[in-house]
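Subject: Structure handover

Hello,

Please find the structure below. My notes on it follow.

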Amino acid sequence: MSREAILEINCSRYSERIIDVINLFNESGWKYYDLENNIEYLPLGDEDEFDWQKKILSDSELQEIINNKQDKFELVGLNLYYENSDVGITLMAKNTKEIIIDLNINRKTVENNRLIKHY
């Protein structure tokens, strides 16, 4: 059985910059570093091929990539993990009016009072 959980949010009243929304998520406990300090993101110029990259980047390098992608109207894609765990979301956006949040990274659900982990 397959389940999909996606949220679409409009953050344009908060900011027009995607990096500002990502920083707000970061302040709320959603970090872009995984347990090995890697960042998984869509690189600049991937032309919607979804060529996800996973590597160690500085905050400023990631910010530059995200800002450049938004300035070129490219899809920004970034995985975020909650409070240094393996549970996370994928954030995708070309602007702050339509930000897609995919609840897809090691999500957990409750069925019949049992916690079920989805991979």
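A polar atom of the threonine 96 side chain lies 2.7 Å from the backbone oxygen of serine 15. This is a polar contact, that is, a pair of N or O atoms within 3.5 Å; within protein, one must be able to donate a hydrogen and the other to accept it, and residues adjacent in sequence count only if both atoms are side-chain atoms. The model is a predicted one: local features need pLDDT of at least 70, side-chain atom pairs count only at pLDDT 80 or more, and totals for chains, interfaces and linings use all residues. Residues are numbered from 1 along each chain as its sequence is written, and side-chain values use heavy atoms, with hydrogens and water left out.

Threonine 96 sits in the loop between β6 and β7; helices (H or I, at least four residues) and strands (E, at least two) are DSSP runs, numbered from the N terminus. With 2% relative accessibility, threonine 96 counts as buried, where buried means under 20% relative accessible area, exposed over 50% and partly exposed in between (1.4 Å probe, protein chains only). Leaving out residues up to four places away in sequence, threonine 96 touches Ile9, Asn10, Cys11, Ser12, Ser15, Glu16, Arg17, Ile18 and Val21; contact means heavy atoms within 4.5 Å. Threonine 96 and valine 21 are 75 residues apart along the chain, and their C-alpha atoms are separated by 7.7 Å.

Serine 15 belongs to the loop between β1 and α1 and is buried, at a relative accessible area of 11%. Its side chain makes a polar contact of 2.6 Å with the side chain of aspartate 20.

Next, helix α1, residues 18-27. Its buried residues are Ile18, Ile19, Val21, Ile22, Phe25 and Asn26. Seen down the axis of α1, these fall within an arc of 160°, so they line one face of the helix; the arc is that of the directions from the helix axis to the C-beta atoms. They pack against β1 (6-9), β2 (30-31), α2 (59-71), β5 (76-82), β6 (88-93) and β7 (99-105).

How many cavities of 30 Å³ or more does a search of the whole structure find? The search finds one. A cavity is a set of points, on a 1 Å grid over the protein atoms alone, where a 1.4 Å probe fits but cannot get out; lining residues have an atom within 4 Å of a point. The largest cavity holds about 40 Å³ of space. Its lining consists of Tyr41, Leu42, Leu62, Ile65, Ile66, Lys69, Val76, Gly77 and Leu78. Two or more of these residues come from each of α2 and β5, and α2 gives the most, with four.

Lys69 also takes part in a polar contact of 3.5 Å between its side chain and that of aspartate 46. Aspartate 46 is in the loop between β3 (39-41) and β4 (53-55) and is buried, at 8% relative accessible area. Apart from residues up to four places away in sequence, aspartate 46 touches Asp51, Lys69 and Glu74.

For the chain as a whole, there are two helices and nine strands, in the order β-α-β-β-β-α-β-β-β-β-β. Of its 119 residues, 40% count as buried.

Regards

Key
On a 1 Å grid over the protein atoms alone, a cavity is a set of points where a 1.4 Å probe fits but cannot get out, and a pocket is an open set with protein on both sides within 12 Å along at least five of seven lines; lining residues have an atom within 4 Å of a point. Grid points are joined across faces, edges and corners, and a volume is the space filled by probe spheres set on the points.
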